[in-house]
Amino acid sequence: MITASKNYELESVEMRQVYANTLMEMAKANPQVIGLEADLMSAISTNKIIKEIPNQLINTGIMEANMMGVAAGLSLTGRIPFVHTFGQFATRRAFDQLFISGAYAKTNIKILGSDSGVTAEHNGGTHMAFEDLGLVRLIPNCHVYEVSDSTMLRYLLQKVEKEHGIHYIRTIRKNAVKLYPENEVFEAGKGKVLRDGEDVTIIASGIMVAEALKAADILQQQGIKAAVIDMFTIKPIDKALIVKYAQKTKAIVTAENHNVIGGLGSAVAEVLSEHCPTPMKRIGVKEQFGQVGKLEYLKEFYQLTASDITSAVEEVVRTKKD
């Protein structure tokens, strides 16, 4: 079990800087690594590294579907393409190319979908992806991750470089809450227990992990001991860990910066329904589109706060006792 900091402080480095720097390091070490951008180099900080790897970074322009096809072609020549764009463009807009040219053709593409969910803020409804995890989960044999801090992002980028296939990594662009030490290891299909507990289990991903930890602090003051799991590996998901904690606490709450349909909540519910039926509540976006706003306002509007998690826990714990 990882002991997460209770300070919930933002990291000094932005996630986009971590991506750009890690991509540069991988490209310098391996000439087969190629970065692809759809005119968002300044948004993800790769404009700051292009002089370092001028022959390994391509701006395809605002043509995301074409970029996915270019990535598939590069893969067929032995290259290792890392594709970045905002989450909705990597999935909604380029879904058919990702499905057919990517997964169906058994190519090797690494995708970074940034500005996840409400963290898109001022870009608004058209750029606020609440369904990207669900879309990629539908594609056979794809790996789907949602990162929660810079240590995890750096590790997973280096990890997927060495693994063939379609890997989708969902991230924010700005500063994340620091959760993990620099030497932490992250395995596909293995969630991280950040806090143990016996009354309820909160399973979260991305920015909602910090909110889950804050909720656990509030609940402890009420005498409710909540376990908190960072389920960054959405597909494959850690079935054994979910079942273990469902049997232990007999109550589950999921928390995600995503639609409750198709993402983490659905994935956990699928495991529970087949292996260990358990009282459950899902925190996430429900039948809503995105909008323009500051992050804290959006979290409140879509009920993605520690307070919302706390309320869901109180309800599911009551259900357990009935």
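Predicted model: local features only at pLDDT ≥ 70, side-chain atom pairs only at ≥ 80, totals over all residues.
Let's start with the strands. Seven of them, in the order β2-β1-β3-β4-β6-β5-β10, make up an open sheet with mixed pairing. At the edges sit β2 (57-59) and β10 (233-235), and each of these pairs on one side only. On average, neighbouring strands of this sheet are turned by 20 degrees against each other, if you ignore direction. Helix α7 (residues 150-161) packs on the sheet, where it touches β1, β3, β4, β5 (143-146) and β6 (166-170). The direction of α7 makes about 170 degrees with that of β6. As a bit of background, strands of a sheet pair through backbone hydrogen bonds, and they can do so parallel or antiparallel.

**A look at strand β3**

Is β3 (residues 80-86) mostly covered or mostly open? Covered: 7 of its 7 residues are buried. Now for the partners. Strand β1 (residues 33-37) pairs with β3 in the parallel sense, over 5 bridges. You can find this pairing in the model by looking for V33, whose bridge partner in β3 is I80, or for L36, which stands opposite V83. Strand β4 (residues 109-114) also runs parallel to β3, and 5 bridges join the two.

**Empty spaces**

How do you look for gaps in a structure? Rolling a probe the size of a water molecule over the atoms shows where empty space is left. A search of the whole structure turns up 1 cavity of 30 Å³ or more. That cavity is lined by D115, T119, A120, E121, H122, R173 and K174.

Then there is the largest pocket, which has 24 lining residues. The ones closest to its centre are L10, I172, N175, I207 and L295. Which elements give two or more residues to this lining? They are α8 (208-221) and α11 (295-301). Helix α8 gives the most, with 4 residues.

Here are the two spaces in one table:

| Space | Volume | Lining by class |
|---|---|---|
| Largest cavity | about 30 Å³ | 1 nonpolar, 2 polar and 4 charged residues |
| Largest pocket | about 390 Å³ | 12 nonpolar, 5 polar and 7 charged residues |

Methods:
Residues numbered from 1 in each chain as written. Heavy atoms only, no water. Buried < 20%, exposed > 50% of the residue type's maximum accessible area, 1.4 Å probe, protein only. Pairing = 2+ DSSP bridges. 1 Å grid on protein atoms, 1.4 Å probe; cavity = no way out; pocket = protein on both sides within 12 Å on 5 of 7 lines; lining within 4 Å. Points joined across faces, edges and corners; volume = space filled by probe spheres on them. Nonpolar A, V, L, I, M, F, W, Y, C, P; charged D, E, K, R; others polar. Axes fitted to C-alpha atoms, helices over the stretch in contact; angles between N-to-C directions. Contact = heavy atoms within 4.5 Å.
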